[in-house]
Structure formats: C-alpha cells, structure tokens
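Biologist: Could you take a close look at one spot for me? I'd like the surroundings too, with the cut-offs spelled out.

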Amino acid sequence: MNNYNTYDDFELFQLTQSGDDRAFSCLYDRYKSVVYQHAFIFYQNHDRAQDITQDVFSKLWEKRKSLVIHSSFKGYIHTAVRHTILNQISRQEVADRYIQHLPKEHITAKNDVEEYIVEKELLDILDKKIERLPKRMKEVFMLSRAEQLTHSEISAKLNISTKTVRQQIYNALLILKSVMKYIAIIFFSFFS
C-alpha cells in the first residue's frame with residue numbers, strides 16, 4: 001500500500017491525472033485549508049469559502065487529464081481560487097443584469113420611482129468609488145467590465161501582461177467589495 005503523504009505535489013498530481021482518487025484526496029487534504037483561507041479572506045463568509053473550495057477541487061478533478069501545470073501546484077491552486085472567485089462575481093453580475101430587465105408588473109408606479117431614485121444614488125456611490133481607483137487599475141477594470149474585453153484583449157491594448165490584467169481586476173474588485181456591502185445594506189434596508 002502506497003504512503004501518499006511521502007509523495008511531493010507533482011507526483012500526486014501525476015497519479016491524479018491517471019485517475020488515482022487517493023492521490024487526489026491527498027492533494028485535497030494538503031491544500032483545502034489554503035483554498036478555504038484565500039476564499040474566506042475575500043468573502044468573509046464561511047459558506048461561500050466552502051463553496052469556492054469545493055468548486056476549485058471539483059474542476060481540478062474534472063479537468064485532471066487535460067490540465068498542464070507549468071508552475072508549482074501551490075501556484076496553480078492560488079490562481080484557480082482567484083479565477084473561481086472572479087467567475088462567480090461575473091456570473092452574479094450577469095444574473096443581476098437579467099433581474100434588472102425582468103418585468104415588474106407587481107410593483108406600483110410609486111415604488112418604481114422610489115426604487116429608481118435609490119438605485120441611481122447607489123450606482124452613483126459605486127461610480128465615485130470606481131473613479132477613485134488608481135489610474136491603471138481603473139482603466140483595466142473599465143475595459144473588462146464596461147467594454148467587456150477579455151484579459152488577452154486588454155493585455156494587447158495596454159501592452160501589459162495578462163497576469164497584470166488579472167491582478168488589477170482582482171485588486172479593483174477587492175476595493176469595490178467594501179462599497180458593495182454598503183450598497184447592499186442600504187438597498188435591503190430601504191426595501192425590506
């Protein structure tokens with residue numbers, strides 16, 4: 001019987017790629033707390049951090065045969081957590097846009113006006129926070145969110161690496177996270 005704990009990450013990953021679920025379990029045990037802590041720092045929420053942890057390892061298992069890790073496994077895991085968080089944020093933005101375009105027959109005209117005013121004020125707060133981002137970070141963030149450019153397109157347009165693009169977007173989202181919590185509190189207290 002193999003003692004998987006004596007294997008390094010690369011050996012465990014190679015075994016995982018061949019379908020060895022015990023090697024995968026060992027990688028999971030080694031890195032689940034790292035993934036969880038990284039996600040918890042971002043969300044400050046136990047359940048969300050657990051969901052991110054499960055997503056990262058589920059995708060790793062699903063893509064194990066085709067996955068090529070160029071750097072260390074630990075480096076790959078950190079990148080995977082960031083991508084998973086950013087993808088969840090993007091999906092939430094799409095869902096929010098969809099909800100904004102749903103018909104609101106059950107809401108009275110008065111409520112529509114009040115909601116519009118509050119929403120506009122809250123969006124103004126967010127816009128002001130975006131305006132105060134550092135110049136390059138704001139530029140990258142706006143190209144990503146407003147113009148819907150991919151990381152590669154932004155990289156080519158600004159002559160910076162895709163890693164820098166990802167990091168700038170990640171940092172912008174961290175900064176904006178605080179104002180989003182504030183907006184959510186105001187929005188839900190107004191309409192509850």
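This is a predicted model: local features need pLDDT of at least 70, side-chain atom pairs count only at pLDDT 80 or more; totals for chains, interfaces and linings use all residues.

Modeller: Residues are numbered from 1 along each chain as its sequence is written, and side-chain values use heavy atoms, with hydrogens and water left out.

Now, T84 counts as buried because its relative accessibility is 4%; buried means under 20% relative accessible area, exposed over 50%, partly exposed in between (1.4 Å probe, protein chains only). T84 sits in helix α4, residues 73–100; helices (H or I, at least four residues) and strands (E, at least two) are DSSP runs, numbered from the N terminus. A polar atom of the T84 side chain lies 2.7 Å from the backbone oxygen of A80. If you skip residues up to four places away in sequence, T84 touches I52, D55, V56 and K59, where contact means heavy atoms within 4.5 Å.

Zooming out, the chain has 8 helices and 0 strands. Of its 192 residues, 32% count as buried. Take contacts in the chain between residues at least 6 apart in sequence: 60% of them join residues at least 24 apart. The chain exposes about 12,400 Å², with carbon and sulfur atoms supplying 55% of that; accessible areas come from the Shrake-Rupley method with a 1.4 Å probe, and for residues only the protein chains shown count as cover.

Technical notes: A polar contact is a pair of N or O atoms within 3.5 Å; within protein, one must be able to donate a hydrogen and the other to accept it, and residues adjacent in sequence count only if both atoms are side-chain atoms.
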